[in-house]
Amino acid sequence: MQELVIRGGRPLQGTVDASGAKNAALPVLAASLLTQEPTVLHRVPRLTDVETMTATLRALGLELEWTGPADLRIAPTGTGGTVAPRELVRRMRASVCLLGPLLATRGAATMPLPGGCVIGHRPIDLHLKGLRALGADIREDEHQVYARTDGLKGARIDMCGPRGSTVLGTANVLMAAVLAEGETVIEGAAREPEVQDLADYLVACGAQISGIGTRTLRVAGRSRLHGVDYHLIPDRIEAGTFLCAAAITGGDVSVKNLRPEHMEATLKVLQEAGVRISDTGGTLRARAERPLQPTRLATAPYPGLPTDMQPQLTAMLCVANGISEVQENVYPERFTHMPALQRMGARVECDSSRARIYGVSALHGARVIATDLRAGAALVLAGLAAEGETCIKGLNQIERGYQTPALKLRALGADVQRREADWCERRGRRPA
Ligand code: EPU
């Protein structure tokens, strides 16, 4: 087990490169099951979630080879089953988006149900509703979903649930629909840039999809797709996290090779907090002076503020000059980072899906645990700003979605070490 040790208090300065988007890479990797020809993906982030997906695809009979630092060649082998391995699926909820491609190409899929999730209740009812509407026969028990079909047929499907649209649910149904017979209309589709990227990838493979980026996707089913050479979009959440790092440390950070148009809601919150943002094409620069200004924020499906930025922005507002309000509308229970922030000196109150943050002038280092990916990112940000040493256990959670975070932060001047967990237990000793 690795942990991250941060000696905070240094304003971060410099430039980092955005990695490819994790949440685009995972469904696009799943979609590689849909073609019988080799595909080459570029700008694939090297993350543990991506490793989990590539291992699952290998187990399902694909051949995957890294041909460059971020380039992945995927080829079918002509063999492969329909049962996703339990030990891999349990590591990552996004494995559920293999259901659509397996049904469309192999006529069946058995998918262990992913376990509980610390960010709250994450049902897959809308995924199953959509796939059933396309003609899948789906049975569930306590542990698994069993799906089969004699042939998918286009349908009109409303993917909107009580909390709005579903990102991976839209992806799942879209992947099934591109090989279904006839026309599918997906209403209430998620508009997230990662869903758009999946649709763009499928179109590049020969799929017929219109309405990309809108709430209604129209798909004319095809009998086959071809291989393609495709570049994934940059990671707007990783980029937003680095901009928050500039803000919380009173620093000056640029993130390059970005799509700033994907980040408007995040940039608006940063600007309201007093961070100066400049946009020079694909590079965003954030300059901040402490104290930051308090603000109000509310998460919502795209183009609203991403829930995946809420913990990081919450950490940032812990050192603002006044009271901030946070409303979490996508995952109302996504506040597991709060107790750890409190241990670091933050003054926060949570009530149902709302949090109130009373800004303090300084945080202090503490030993804390990353309960999930973005909660972990929030603790890293707090550690960068805190006085003294912060030791974050559960680095594996953070590395599910951030590529080499310690290296990237060190390049910006942070004092960050990655250590074997034992090192923190032995006070005062440093790794060799
Ligand atoms: N929902 C349902 N029924 C469903 C599916 C979802 O009620 O069948 C609800 C959820 O409970 C939630 C809301 O709809 O309240 C939105 O969930 P969504 O399905 O959109 O989430 P997801 O597709 O499972 C993706 C990202 C998450 C991100 C959410 C929301 C990937 C791999 N995951 O999850 O990313 O938080 O969209 O934007 O794309 C992360 O990267 O840290 C992460 C958790």
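This is a predicted model: local features need pLDDT of at least 70, side-chain atom pairs count only at pLDDT 80 or more; totals for chains, interfaces and linings use all residues.
In helix 1, the residues Lys22, Ala24, Ala25, Leu26, Pro27, Val28, Leu29, Ala30 and Ala31 are buried, where buried means under 20% relative accessible area, exposed means over 50%, and partly exposed lies in between, with a 1.4 Å probe and protein chains only. That makes 9 of the 10 residues of this helix, which spans residues 22-31, and helices here are DSSP runs of H or I with at least four residues, while strands are E runs of at least two, numbered from the N terminus.

Residues are numbered from 1 along each chain as its sequence is written, and side-chain values use heavy atoms, with hydrogens and water left out.

Taken as a whole, the chain has 15 helices and 23 strands, and buried residues make up 57% of its 432 residues.

Let me turn to the salt bridges, each a side-chain nitrogen of Lys or Arg within 4 Å of a carboxyl oxygen of Asp or Glu; the whole structure holds 17 of them. One of them joins the side chains of Asp49 and Arg400 at 2.9 Å, N to O. Asp49 lies in helix 2 (residues 48-59) and Arg400 in the loop between helix 13 (395-398) and helix 14 (405-411), so the pair ties together parts 351 residues apart in sequence. Asp49 is buried at 2% relative accessibility, while Arg400 is partly exposed at 24%.
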